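Please consult the sequence and the structure shown below while reading.

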Amino acid sequence: METYRVMRQDDNGNRLVVAKGLGRAKAEMLAAEFEARGHKQLYWVETEPA
């Protein structure tokens, strides 16, 4: 079973893992919640490496 993580990139280009080990629906929901806060950071979901 694939797991997903939520990533963030700030306005300086730094990338970091916000959350990991999630199902796709939970990861998408969490990324959307962060995006809705209106900060300058970019959030996205990606598959965790095996």
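Does Phe-34 count as buried or exposed? At 15% relative accessibility, Phe-34 counts as buried (under 20% relative accessible area; exposed is over 50%, partly exposed in between, with a 1.4 Å probe and protein chains only). The model is predicted: local features need pLDDT of at least 70, side-chain atom pairs count only at pLDDT 80 or more, and totals for chains, interfaces and linings use all residues. Residues are numbered from 1 along each chain as its sequence is written, and side-chain values use heavy atoms, leaving out hydrogens and water.

**Aromatic pair**
- The structure holds one aromatic pair (ring centres of Phe, Tyr or the six-membered ring of Trp within 6.5 Å).
- The ring centres of Phe-34 and Tyr-43 are 5.0 Å apart and the planes lie at 15°, so the pair is stacked (planes under 30 degrees apart; over 60 is edge-to-face, the rest tilted).
- Tyr-43 is also buried, with a relative accessible area of 11%.

**Arg-5**
- Arg-5 is found in strand 1, which covers residues 4-9.
- The side chain of Arg-5 makes a polar contact with the side chain of Glu-46 at 2.6 Å (a pair of N or O atoms within 3.5 Å; within protein, one must be able to donate a hydrogen and the other to accept it, and residues adjacent in sequence count only if both atoms are side-chain atoms).

Definitions and conventions. Helices (H or I, at least four residues) and strands (E, at least two) are DSSP runs, numbered from the N terminus.
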